[in-house]
Amino acid sequence: MTKHIHGGDVYKYDHCLDFSANCNPLGTPQSVKQAIIDSVEDLSDYPRVGCGPLKEAIADYEHTKKEYLICGNGAADLIFSLSRALNPKKALLPAPTFAEYEQALISVGCEISRYYLKEENDFCIQKDYPDVLKREKPDIIFLCNPNNPTGITIPQDLLEEILETCAMQGIFMVVDECFLDFVKDPEKHTLKEKLAKYPGLFILKAFTKRYAIPGVRLGYGFCSDGEVLDRMEAVTQPWNVSTMAQQAGMAALKEAEYVEAGRQIIFRESAWMKEKMRQLGLTVYPSEANYIFFYGPEDLFERCVAKGILIRDCSNYPGLKKGYYRVAVKLHEQNEKLIEVLEEVLS
């Protein structure tokens with residue numbers, strides 16, 4: 001397996017402006033910081049097991065049932081606990097996609113098959129995917145919507161066809177919607193309304209990107225199969241969500257204006273950045289999330305680091321080669337700095 005590399009390594013590249021991790025460009029809301037500060041008074045007590053009040057707040061925010069929810073130490077924590085709970089023998093993963101799916105599955109001895117996304121199709125899942133499922137017969141699939149690192153969403157009719165195929169074939173379907181907050185009309189892309197009908201569906205979400213709190217570690221998932229959730233709880237240590245994370249989450253869910261403001265910045269800045277990058281001769285893909293996927297010179301990562309800019313080298317993703325990159329969409333002044341550096345190193 002490829003060595004684990006992740007965006008956001010600001011410790012190794014502490015002199016750089018970080019475009020390798022993709023969070024809300026407005027930064028952590030002040031109310032969330034204050035909630036963390038206030039939670040210090042409760043550090044002498046164990047965290048609340050089960051995250052009851054937080055689950056109620058999430059259920060209200062997501063317009064779903066509290067009974068469908070499980071909280072974790074980031075979405076990655078839930079990916080690992082779900083893998084342990086289900087213990088699948090065979091999985092089908094898109095390539096490229098988020099590395100933690102494979103990490104978690106391999107940790108339980110699961111065999112990995114890949115569905116390679118092709119450059120000529122803008123790295124999009126194609127209509128043949130349901131037929132591939134019938135042929136491969138995996139126990140579980142993971143789909144990232146929009147995908148990481150490409151930022152492309154799956155057409156809703158195809159996504160629903162995949163869901164129906166999984167239900168008929170007895171395949172457990174995990175859909176990662178962590179970046180869905182940053183696409184236009186996210187409610188047109190979610191499968192939340194399908195949860196009650198399809199107990200073999202699990203949806204992943206996180207506070208990390210939406211509220212720019214990756215250091216807090218707080219994620220959640222939805223599934224209507226209570227037995228699956230119980231098995232996940234059984235293989236997870238009981239205090240996996242800290243007091244600080246629970247308080248931060250409840251404060252964050254009240255920040256509706258902040259979330260929308262961040263979304264509007266991303267829509268505006270992403271269009272500007274893509275145009276500038278294309279003018280520089282880079283191959284820019286139609287990413288819909290809060291990051292931009294593109295192709296450029298094989299040594300572009302090193303050139304940018306030398307100029308104080310950290311971009312995400314995506315060559316360690318299965319299905320990608322040297323020259324593929326991802327950059328976050330940030331505030332305009334920061335994005336201008338990125339474009340200036342790209343102009344300089346590409347000239």
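In the predicted model, F123 is buried, with a relative accessible area of 4%. This residue lies in the loop that runs between β4 (111-116) and α5 (129-136). N87 belongs to the loop between α3 (75-86) and β3. In contrast to the buried F123, N87 counts as partly exposed, at 36% relative accessibility.

A95 and P96 are joined by a cis peptide bond with an omega of about 10°. P96 is placed in the loop between β3 (90-95) and α4 (99-107). The bond from N145 to P146 is likewise cis, with omega near 0°. P146 sits in the loop that links β5 (140-144) and α6 (156-169).

For C144, the closest cysteine sulfur is that of C178, at 7.2 Å. Because a disulfide requires sulfur atoms within 2.5 Å, this separation is too far for a bond. C144 counts as buried, at 5% relative accessibility. For C166, the closest cysteine sulfur belongs to C223 and is 13 Å away, which is again too far for a bond. C166 is buried too, with a relative accessible area of 1%.

The packing of two helices was then considered. Two packed helices are described by the angle between their axes and by the distance between the axes. The axes of α3 and helix α8 (residues 226-234) come within 8 Å and cross at roughly 105°. Since angles of 65 to 115 degrees count as roughly perpendicular, α3 and α8 are therefore roughly perpendicular to each other. On the α3 side, the contact is made by L78, S81, L82, A85 and L86. On the α8 side, V228, R231 and M232 take part. The residues of this contact between α3 and α8 divide into six nonpolar, one polar and one charged.

S39 is buried, with a relative accessible area of 1%. When residues up to four places away in sequence are not counted, S39 touches T243, M244 and Q247.

With regard to annotation, UniProt lists residues 15-342 for "domain: Aminotransferase class I/classII large", in an unreviewed entry. Within the model, the end C-alpha atoms of residues 15-342 lie 17 Å apart. The span is 39% helix and 16% strand.

Methods. Residues are numbered from 1 along each chain as its sequence is written. This is a predicted model: local features need pLDDT of at least 70, side-chain atom pairs count only at pLDDT 80 or more; totals for chains, interfaces and linings use all residues. Side-chain values use heavy atoms; hydrogens and water are left out. Buried means under 20% relative accessible area, exposed over 50%, partly exposed in between (1.4 Å probe, protein chains only). Contact means heavy atoms within 4.5 Å. UniProt positions are given in the numbering used here, feature names are shortened, and annotations may be inferred rather than shown by experiment. Helices (H or I, at least four residues) and strands (E, at least two) are DSSP runs, numbered from the N terminus. Axes are lines fitted to C-alpha atoms, for helices over the stretch in contact, and angles run from 0 to 180 degrees between N-to-C directions. Angles under 35 degrees count as roughly parallel, over 145 as roughly antiparallel, 65 to 115 as roughly perpendicular and the rest as oblique. Ala, Val, Leu, Ile, Met, Phe, Trp, Tyr, Cys and Pro count as nonpolar, Asp, Glu, Lys and Arg as charged, and the others, Gly among them, as polar.
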